[in-house]
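Thanks for passing this one along. Please have the model open while you read my comments.

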Amino acid sequence: MSSRKKTLLKVIILGDSGVGKTSLMQQFVNGKFSQQYKATIGADFLMKELVLDDKTVTMQLWDTAGQERFQSLGVAFYRGADCCVLVYDVTNPKSFENVSLWRDEFLVQANVKNPENFPFVVIGNKIDVDESKKLVSLKKAQQFCANLGNLPLFQTSAKEAVNIDQAFDVIARNALQQEENDEFQDEFNDAININLESENQGCAC
Amino acid sequence: MKWPAGKVKLVFVKSKVYVHPSRRAQDNICGFLYLYAEQGSTDSDLVVGWVPESFLAADELEQFKQADVSASGEVFFVRRPSTGGSFSWQVPLRAVFSIQHRPPSLGTMNGSLLFNTRSSEEKLPWMFFHDVECPSTQASERQRVKDFNVFGVGTELFWGGAQFLEELGKHCVLERSTLENSVLLVNPTQDDLNNFSPTNVEKPQYGLKNFSQAVSEARWNVLQALARVTTFARSHVNGAIRDSSTLKSLLVHPEVQKVNEDFDSARIYLAKWALGVQEEADRNRAQMLLNEEMRQKLYKEMGIDCNKLSPEEIQKAHENSRPVSLLEWSGFFDSTGRLAITVDELKDRVFHGGLAPEARPEAWPFLLGVYPWDSSSQERDDLHKVMVLQYDMLKSRWLPKLTDEHDEYFKDQKFRIDKDVQRTDRSMDLFKDEDLPPSDDYDNDDVANIKNHHLQKLQSILLTFNEYNDKLGYVQGMNDLLSPIYVILQDEVLSFWCFTKFMDRMERNFLSDQRGMKDQMTTLNELTQFMLPEFYIHLEKCDSSNLFFMFRMLLVWFKREFSWNDTVHLWEVLWTDFYSSQFHLFVSLAILQKHERIVMAHLTQFDQVLKYFNELNESQTVGFKLNELLTRAELLFLKFRNTVSVMDTYSSTDDGSAKSPIDDHLRKLLSRELVIQKELQRVSG
């Protein structure tokens, strides 16, 4: 691929309120964790530069409020996303059940071109807690992700920085691929449109 | 009487005249403003000056004090006052070019005078007249009350500075500038008059008689410049309409419309106006926007360029605000605890100065509407008892639910509350410590385990509110609204009731369909188009005209952007509804205006704009000087109100063909009545 300009990867982080979206982002971008984060209101984003193989990319990570009613603003923020991260809290089964709702919500609002191929990554956060507190088993989560089309799954702790870089590396690679597909898709569509104009109709699919 | 050698004669003295070197009261320096004559001198040789009390020897101090209260005729000879101190000064009267005067008002308790000398280098400090401390002013005031004449003029404007000017008027010519009402020219030359008093051909000398009248006409306030512009604009517009309606002809002239269509930015602007914000396609508005030219003309007359505040205006704002102390607050009430001044007077004072921290616990329940303004202390005590009972009753509704495993809605809501309470203003001292002993089933990771007893109070209040307003329930962000109320009052029951009152007006921010937020963003959008049209066009280019970057400020009333102290000050100002129940939109507009230049010069993308405004938070409070911001907001409001009134005047003369371009969203901004939008049925999530 030609790198005609710096690649910006837009990533949206979604999930129930309190699952740790802001903490994950802060840990990944700034390497810090605080118990004192306030509930996110509206939307915000952080930027992080990353080298994937030999390519430098800039990730723009978008964090939004977790309570559903505030998602009606989402449209403005979701547009042009290259990857969507769905976060749940391993101590909170409800937040896990809602993962698929968040995925649907995103697909409706972001108006992505190829919903079935759009990259999602699932993160189960707060694995630093006592085993007895973990109410969403890894097995259950794996099963769930497999059913949704083999979505990548990571179990993380934003508090203790477990698996954060690994998760975001995969997020970045998925986003990059999506970005490149989109560009390809655009060129491809342009080509089809030109062909359609010259050859009337005709598609051998 | 013999003139003692080496001494000067005190012609006039005013005591308790202060220099305010800073905004802190403890820095104020008390002294005497005086007028003295040298032996054998004439009126034009009089010297005016100010000396701090501390610079006078005991005998001199006594003489000055006596001179302040003495009846005219008594003569005091003193040593020439020293000018050694950092603020003391004296200048010959002939060197004084002009005097600016600002009578006291509710916003500025102390009237003040500023002497401008003919040499521009010499800057003298403002002289503040603390009338309540000044024996001579008090005595004159008592005399005036005794001699009260209903047909007298300017009765409310009696103050020390006016007395001083009256005296000065006996010794020199004081000419009021017709350009600047608050400026008196001292012995003006013909050139001065031409420059500063162009329409004033007659030059009556200000004597005792007409001075008070002049003062009453020249009511000073921060917004005088604006008022002047507006009066000018009004008379101009009226004049234009009278003489064969210049403006009116512009509106219908086809060529003018054509030129407008060819002009790019005007077209964008017109198109935006015509399109409205989102679904609001308002034909009245479109009508008026057909004529950009007329609009530009109106704006010019409004002095829309004054949108950029001058340093003087900002300076005035700083001087105008002093918080209401507990003492002052208590003084508003009589012995039975009933308000002894009008509600508007009180609100004016709070709006312009805010409250001192120790006055807040007293004042907030009034400002929020928990205590009626006309109640007595006894009635409030009774009311409090009822509130305690009612609160306990509401609490008993949810207490049993704590152990009910089947109430899913309650469980979800409690979980939401617990999570948010745990992350509410934890940097505040009150909420910092984990002061509660571990319970039996102690569990570090359980959000329900709240280890600070003040946070537990927040939790109880929010759970009770969740019952009290069961259609709305708890929604994220309410914790941010409750926390300052609790921190100030530190009383669970009173905080709860104050919070419910606050929520009456804030419910619209939390509706499940977000229509209240959308309405406000639409209104702010229109207001921005109306007041900051250039900036609006730029925001459109940045894909930001939806103003989503203002969402957080609107939702929790700037709490995330401002420091704690600024937030509570701002809230009490907003609670007064002094100008408008939606004054927070003018605060938003002021923020937009403040950052207009920077944003236009540097930012071009939606994400850049969002980031820029998101990061105007506590760490950069310097960017937001609250008083300056509030003055901007006030100016913007008054400008808006004046524009509306001029436009209404204009369209009403247009035999109905051009209706007022001000739509309901904008017109509602002029109302002090709360905008109430309620959740109609319970929605989870």
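Predicted model: local features only at pLDDT ≥ 70, side-chain atom pairs only at ≥ 80, totals over all residues.

1. Chain B holds 29 helices and ten strands. Of its 685 residues, 55% are buried. If you take the contacts in chain B between residues at least 6 apart in sequence, 70% of them join residues at least 24 apart.

2. Next, the interface. The size of an interface is often given as the accessible area lost when the parts come together. Here chain A and chain B bury about 3,100 Å² between them, with 53% of that on carbon and sulfur atoms. On the chain B side, the residues that lose the most area to chain A are Arg423(B), Gln476(B) and Arg560(B), which together account for 19% of what that side buries. The contact draws on 41 residues from chain B and 31 residues from chain A.

3. A helix pair in chain B deserves a look. Helix H19(B), residues 453–468, and helix H21(B), residues 492–506, have axes that come within 10 Å and cross at roughly 50 degrees. H19(B) is therefore oblique to H21(B), and the crossing is right-handed. From H19(B), the contact uses Lys457(B), Ser460(B), Ile461(B), Leu462(B), Thr464(B), Phe465(B) and Tyr468(B), while H21(B) brings Glu492(B), Ser495(B), Phe496(B), Trp497(B), Phe499(B), Thr500(B) and Met503(B). By type, the residues of this contact are eight nonpolar, four polar and two charged.

4. Have a look at helix H3(B) too, which spans residues 160–169 and is mostly covered, with nine of its ten residues buried. Among the buried ones are Gly160(B), Gly161(B) and Gly169(B), along with Phe164(B), Leu165(B) and Leu168(B). Gln163(B) and Glu167(B) are on the buried list as well.

5. Finally, some backbone angles to check by eye. Most residues other than glycine have a negative phi. Asn163(A), not a glycine, has a positive phi of about 70 degrees. Asn163(A) sits in the loop between strand E6 (153–155) and helix H6 (164–199) of chain A, and counts as partly exposed because its relative accessibility is 26%.

6. Which loop holds Trp557(B)? It is the one between helix H24 (551–555) and helix H25 (564–575) of chain B. Trp557(B) also has a positive phi, near 50 degrees. Trp557(B) has a relative accessible area of 2%, so this residue is buried.

Methods
Residues numbered from 1 in each chain as written. Chains lettered and ligands numbered in written order. Heavy atoms only, no water. Axes fitted to C-alpha atoms, helices over the stretch in contact; angles between N-to-C directions. Helix = DSSP H or I, 4+ residues; strand = E, 2+ residues; numbered from the N terminus. Parallel < 35°, antiparallel > 145°, perpendicular 65-115°, else oblique. Left-handed = near helix turned anticlockwise from the far one by under 90°. Contact = heavy atoms within 4.5 Å. Nonpolar A, V, L, I, M, F, W, Y, C, P; charged D, E, K, R; others polar. Buried < 20%, exposed > 50% of the residue type's maximum accessible area, 1.4 Å probe, protein only. Buried area = accessible area lost by both parts, 1.4 Å probe.
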